[in-house]
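Here is a friendly note to read beside the structure. Please keep the view open and find each residue as it comes up.

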Amino acid sequence: MKGRKRHIRALKHTMLLFLLLSGVLLVLSFIAYEWNQTTEDSQRPAISEEVREYRPLVERYAEEDGVGNYTDVILAIMMQESGGRGQDPMQASESYCGERNCIEDPELSIEQGVEYFSKTLDDAEGDIHLAVQSYNFGRGFINYVQERSGEYSQETAIDFSQYMYGRDPNKEKYRCLRDGSRELDACYGDIYYVKAVMNYRDVIEAEAQ
């Protein structure tokens, strides 16, 4: 009888130990999951409230210009250009009047920016990366690419930036903000524009789901 009681006690202790270990493992798994989620969230680029608030206006003009499926890309461009702030959130003045800061109405900026994007997408024959980079470089980049590789690549973007920077005698106007751009002599535009915009696009798409 005493042996049986000892056996039962040992079994209970074993079960208790098993339950405690299971609980510890469960808590550790939960902590690890939360840490991973926090790490992933901290690595995602943040989208400003100003950009989110412009979605209805961007959707309207995107539908009018036949690029409604690219609303998230256009919002991502806005995020990269200005964060949705200022009177020209799409930084569309140069494509509108040929110089900076001539647009002082956010709606006009969006209308012009969306129209310009639709033209670059058409010229790029649907190559979204080429169209996005051309929003930054100008539509001359499309001709440059089509005369060479025929499609967008990071290398071609760097080559074009080097070409445009090299042929301009007034180097003082270039800020070379991107890490490594000055070392590459690629200070014209933003050579990593596509990557930045697509990162924003991915976050905007995820938030919309």
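1. Let us begin with how places are named: helices (H or I, at least four residues) and strands (E, at least two) are DSSP runs, numbered from the N terminus. Cys176, for instance, is in the loop between H9 and H10. Residues are numbered from 1 along each chain as its sequence is written, and side-chain values use heavy atoms, with hydrogens and water left out. The model is predicted, so local features need pLDDT of at least 70 and side-chain atom pairs count only at pLDDT 80 or more, while totals for chains, interfaces and linings use all residues.

2. How far can you trust the model? The predictor's confidence in each residue is called pLDDT and runs from 0 to 100. The protein chain averages 88, and 80% of the residues score at least 70. Over residues 35–42, however, the pLDDT is below 50, and this stretch has 0 contacts (heavy atoms within 4.5 Å) beyond near neighbours in sequence. Where pLDDT is low, the predicted coordinates should not be read in detail.

3. Next, the disulfides. A disulfide is a covalent bond between the sulfur atoms of two cysteines; here the test is a pair of cysteine sulfur atoms within 2.5 Å. The whole structure has 2 of them. With the bonded cysteines numbered in sequence order, the pairing reads 1-2, 3-4.

4. Look at Cys97 and Cys102, whose sulfur atoms are 2.0 Å apart. The torsion about their S-S bond is about -115°, so this disulfide is left-handed. Cys97, at 35%, is partly exposed, and so is Cys102, at 28%.

5. The other bond joins Cys176 to Cys187, with an S to S distance of 1.8 Å. Its torsion is about 110°, so the disulfide is right-handed. Both Cys176 and Cys187 are in the loop between helix H9 (154–167) and helix H10 (193–208), 11 residues apart. Cys176 is buried at 13% relative accessible area, and Cys187 is buried at 6%.

6. Most residues other than glycine have a negative phi, and most peptide bonds are trans. The phi of Cys176, though, is positive, near 50°. Gln91 also has a positive phi, near 45°; Gln91 is in the loop between helix H4 (71–81) and helix H5 (93–97) and is partly exposed at 42%.

7. Now the aromatic rings. Rings of Phe, Tyr and Trp (its six-membered ring) pair if their centres lie within 6.5 Å; planes under 30 degrees apart count as stacked, over 60 as edge-to-face and the rest as tilted. There are 11 such pairs. Phe137 and Tyr188 have centres 5.7 Å apart and planes at 35°, so they are tilted. Phe137 lies in helix H7 (residues 128–137) and Tyr188 in the loop between H9 and H10, so this pair ties together parts 51 residues apart in sequence. Both residues, Phe137 and Tyr188, are buried.

8. Tyr188 also forms a tilted pair with Tyr174, at 6.4 Å centre to centre and 55° between the planes. Tyr174 is buried at 13%. One aromatic cluster includes Phe137, Tyr174 and Tyr188, along with Tyr165.

9. Finally, which charged residue sits over the ring of Tyr165? Lys171 does, with its charged end 5.3 Å from the ring centre. The test is NZ of Lys or CZ of Arg within 6 Å of the ring centre and within 35 degrees of the ring normal. Arg60 likewise lies over the face of Tyr61, 4.7 Å from the ring centre.

Notes
Buried means under 20% relative accessible area, exposed over 50%, partly exposed in between (1.4 Å probe, protein chains only).
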